[in-house]
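Work through the exercises below with the sequence and the model side by side, and try each task before reading its solution.

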Amino acid sequence: MHFSRARKGTVTVRLAPGESQLLTRCALDLLELLGPEAAVEADLFAGLGETVERPQDPAVLRLFPDAYATTDVAGREATADFRRYTEGDLRAAKRKDARTFLATLEAGNAAVALDREETAAWLGCLNDLRLVLGSRLGVTEDTELDDTDDDAPERHALLVYTWLGGVQELLLQRLL
């Protein structure tokens, strides 16, 4: 994968064979994890009094963490309020980024030109993919790829996690 930047602010991504398919599969999995699109209510205030449950899936919780670390009653109530008022919009934004990411990939296309909005969507989607994969794998600051056996199933996922980080870094470097 190679990124280049044009003077007009667009970024061109040149994909090697297989990279588009891997990125597409990852983004489709992310969309599935984010769940279906919520029905849009005509009343902007509809549903604000409803409770939004804390995600039980650690990967989803990593995408939508608790707003407050306190475990006392006031902290739990504040976290529940924050989740109720923000999670729907955050999910919608993450879905939009993933859909934009997918739309720009066009499986099999060797080069993709990204405008500023699409570049931002790529960065957001790549970040979300890494958060989910890192959560699933239990990645910490101490996680080393070299510490896993070559035949271990998680090694392949760690390779994808590391590669996604490299893609993200290359894109950020090109933007700078």
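Contact here means that heavy atoms lie within 4.5 Å. The structure is a predicted model, and the exercises should be read with that in mind.

**Exercise 1.** Find which residues Thr-119 is in contact with, leaving aside its neighbours within four places in sequence.

*Solution.* Begin by locating the residue: Thr-119 lies in helix 4. Next, set aside the neighbours within four places in sequence, and the contacts of Thr-119 are then Val-11, Leu-114, Leu-171 and Leu-175. Then consider accessibility: since buried means under 20% relative accessible area, Thr-119, at 4%, counts as buried. Finally, look at a C-alpha distance: Thr-119 and Leu-172 are 53 residues apart along the chain, and their C-alpha atoms are separated by 9.6 Å.

**Exercise 2.** Determine how Phe-3 and Trp-122 are arranged as an aromatic pair, and which parts of the chain they link.

*Solution.* A pair of aromatic rings is described by the distance of the centres and the angle of the planes. Planes over 60 degrees apart count as edge-to-face, and Phe-3 and Trp-122, with 90° between the planes and 6.4 Å centre to centre, therefore form an edge-to-face pair. As for position, Phe-3 belongs to strand 1 (residues 2–5) and Trp-122 to helix 4 (residues 116–137), so that the pair links distant parts of the chain, 119 residues apart. Both Phe-3 and Trp-122 are buried.

**Exercise 3.** Classify the pair of Phe-101 and Trp-122, and state which helices it ties together.

*Solution.* The angle between the planes is 55° and the centres are 4.7 Å apart, which makes this aromatic pair tilted. Because Phe-101 lies in helix 3 (residues 73–105) and Trp-122 in helix 4, the pair ties together parts that are 21 residues apart in sequence. Turning to accessibility, Phe-101 has a relative value of 0% and counts as buried, and Trp-122 is buried with a relative accessible area of 0%.

Technical notes:
Residues are numbered from 1 along each chain as its sequence is written. This is a predicted model: local features need pLDDT of at least 70, side-chain atom pairs count only at pLDDT 80 or more; totals for chains, interfaces and linings use all residues. Side-chain values use heavy atoms; hydrogens and water are left out. Rings of Phe, Tyr and Trp (its six-membered ring) pair if their centres lie within 6.5 Å; planes under 30 degrees apart count as stacked, over 60 as edge-to-face and the rest as tilted. Helices (H or I, at least four residues) and strands (E, at least two) are DSSP runs, numbered from the N terminus. Buried means under 20% relative accessible area, exposed over 50%, partly exposed in between (1.4 Å probe, protein chains only).
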